[in-house]
Amino acid sequence: GLIAIGLEEGDALTWVRLAALGDSVLIGSKAGMTIHFRLNDDELRPLGRTARGVRSMNLREGDSLVSMDVLPIELADKIARSSDHETSEVSEIAEGPWVLVASASGLGKRVPVTQFRLQKRAGMGLRAIKFRRDGDELVGLRVLGQGEELLLVSEKGVIVRTSADKIPQQSRAATGVRLQRIDAGDRLSEMVLVPPEQEASASNDPDDQAADGAVETNNVSSPS
């Protein structure tokens with residue numbers, strides 16, 4: 001293979017995504033912070049494969065990056081035009097897209113994407129979720145629209161499939177609702193969006209239907 005980035009000792013390459021000039025990137029840390037900036041020459045100019053890159057987010061001690069997603073230029077432009085209202089409640093139901101946020105304890109929410117305003121690279125970022133318990137942490141974020149399905153996967157291999165539309169909309173400051181009930185000693189480790197074409201093919205494939213029978217479906221609920 002080819003070198004994609006020069007790494008410092010103890011660092012690792014975690015994600016590789018295609019993006020176009022003018023798109024934006026939303027990055028989340030395990031402490032629940034997010035940074036959102038444009039992919040342009042002012043914020044993130046192109047570099048060679050062997051370069052180490054530049055700092056995307058200023059992390060507090062003990063924090064690390066856990067997730068990222070790329071937003072197309074049309075959506076980034078929409079966010080740039082919108083006003084960011086720092087409120088504790090979502091005053092009206094948004095039509096999407098949303099940022100789906102999930103924590104290791106199985107809590108999550110949908111936040112209107114317009115609440116993640118564009119920022120300068122290398123800042124401290126904005127809080128994406130307020131944790132209810134000490135020791136909880138962000139495990140993933142995804143930008144999604146209406147009608148999408150997702151898989152929630154725990155470290156012990158428990159998989160829950162649910163509709164993202166069932167997850168309530170909340171503000172960035174909210175704690176979320178229970179997406180998956182986590183047993184003692186387990187934690188949510190990954191959430192994956194199911195592509196629409198994969199859903200269509202699965203519905204017509206008897207083998208996939210049999211496999212789906214082993215996957216738990218879930219109705220989200222308020223955290224207890």
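Visitor: Confidence, then. What is the mean pLDDT of the protein chain?

Guide: This is a predicted model, and the mean pLDDT of its protein chain is 88. A pLDDT of 70 or more is reached by 83% of the residues.

Visitor: Where is the pLDDT below 50?

Guide: Over residues 84-89 the pLDDT is below 50. That stretch has eight contacts in the model beyond near neighbours in sequence. Residues 209-214 also stay under 50, with five contacts beyond four places in sequence.

Visitor: How should I treat the coordinates there?

Guide: Where pLDDT is low, predicted coordinates should not be read in detail.

Visitor: Fine. How many residues are in the largest nonpolar core?

Guide: The largest nonpolar core has 17 residues. L150, L152 and L179 have the most contacts inside this core.

Visitor: Which elements give two or more residues to this core?

Guide: Strand 4 (98-103), strand 7 (138-144), strand 8 (149-154) and strand 11 (188-194) do. The largest share, three residues, comes from strand 4.

Visitor: And what is L150 in contact with?

Guide: Leaving aside neighbours within four places in sequence, its contacts include L100, V160, I167 and M191. R161, T162, S163 and A164 are also among the contacts of L150.

Visitor: What about another core?

Guide: Another core, of 14 residues, lies apart from the largest one. Among its residues are V101, A128, L141 and V143.

Visitor: Over to strands. In which sense do strand 8 and strand 9 pair, and over how many bridges?

Guide: Strand 8 and strand 9 (residues 159-163) pair in the antiparallel sense, over five bridges. E149 stands opposite S163 in strand 9.

Visitor: What sits between the strands in that hairpin?

Guide: The hairpin of strand 8 and strand 9 has four residues between the strands. G157 in this hairpin takes a positive phi near 90°.

Visitor: What is the order of the open sheet of four strands?

Guide: The order is 7-4-5-10, with antiparallel pairing. Strand 7 and strand 10 (177-178) are the edge strands, each pairing on one side only.

Visitor: How many bridges join strand 4 to strand 5?

Guide: Five bridges join strand 4 to strand 5 (residues 107-112), and the two run antiparallel. V99 stands opposite V111 in strand 5.

Visitor: Change of topic: backbone. Which residues does the cis peptide bond join?

Guide: The cis peptide bond joins G96 and P97, with omega about -5°. P97 is in the loop between helix 1 (73-81) and strand 4.

Visitor: And which residue other than glycine has a positive phi?

Guide: A122 has a positive phi, near 75°. A122 is in the loop between strand 5 and strand 6 (126-127).

Visitor: Is A122 buried or partly exposed?

Guide: A122 is partly exposed, with a relative accessible area of 30%.

Visitor: Now charges. How many salt bridges does the count come to?

Guide: The count comes to eight salt bridges. One of them is between the side chains of E8 and R52, at 3.7 Å, N to O. The pair links distant parts of the chain, 44 residues apart: E8 is in the segment before strand 1 (24-29), and R52 is in the loop between strand 2 (33-38) and strand 3 (65-71). R52 is exposed, with a relative accessible area of 55%.

Visitor: What does D77 form a salt bridge with?

Guide: D77 forms a salt bridge with R38, and the closest N and O atoms are 2.5 Å apart. D77 lies in helix 1 and R38 in strand 2, so the pair ties together parts 39 residues apart in sequence.

Visitor: Which of those are buried or exposed?

Guide: D77 is partly exposed at 28% relative accessibility. R38 is buried, with a relative accessible area of 17%.

Visitor: Back to E149. Which side chain does E149 meet in a salt bridge?

Guide: The side chains of E149 and R161 meet in a salt bridge at 3.6 Å, N to O. R161 lies in strand 9 and E149 in strand 8, so the pair ties together parts 12 residues apart in sequence. At 21% relative accessibility, R161 counts as partly exposed.

Key. Residues numbered from 1 in each chain as written. Predicted model: local features only at pLDDT ≥ 70, side-chain atom pairs only at ≥ 80, totals over all residues. Heavy atoms only, no water. pLDDT = per-residue confidence, 0-100. Contact = heavy atoms within 4.5 Å. Core = buried A, V, L, I, M, F, W, Y, C linked by side-chain atoms within 4.5 Å. Buried < 20%, exposed > 50% of the residue type's maximum accessible area, 1.4 Å probe, protein only. Pairing = 2+ DSSP bridges. Salt bridge = Lys/Arg side-chain N within 4 Å of Asp/Glu carboxyl O.
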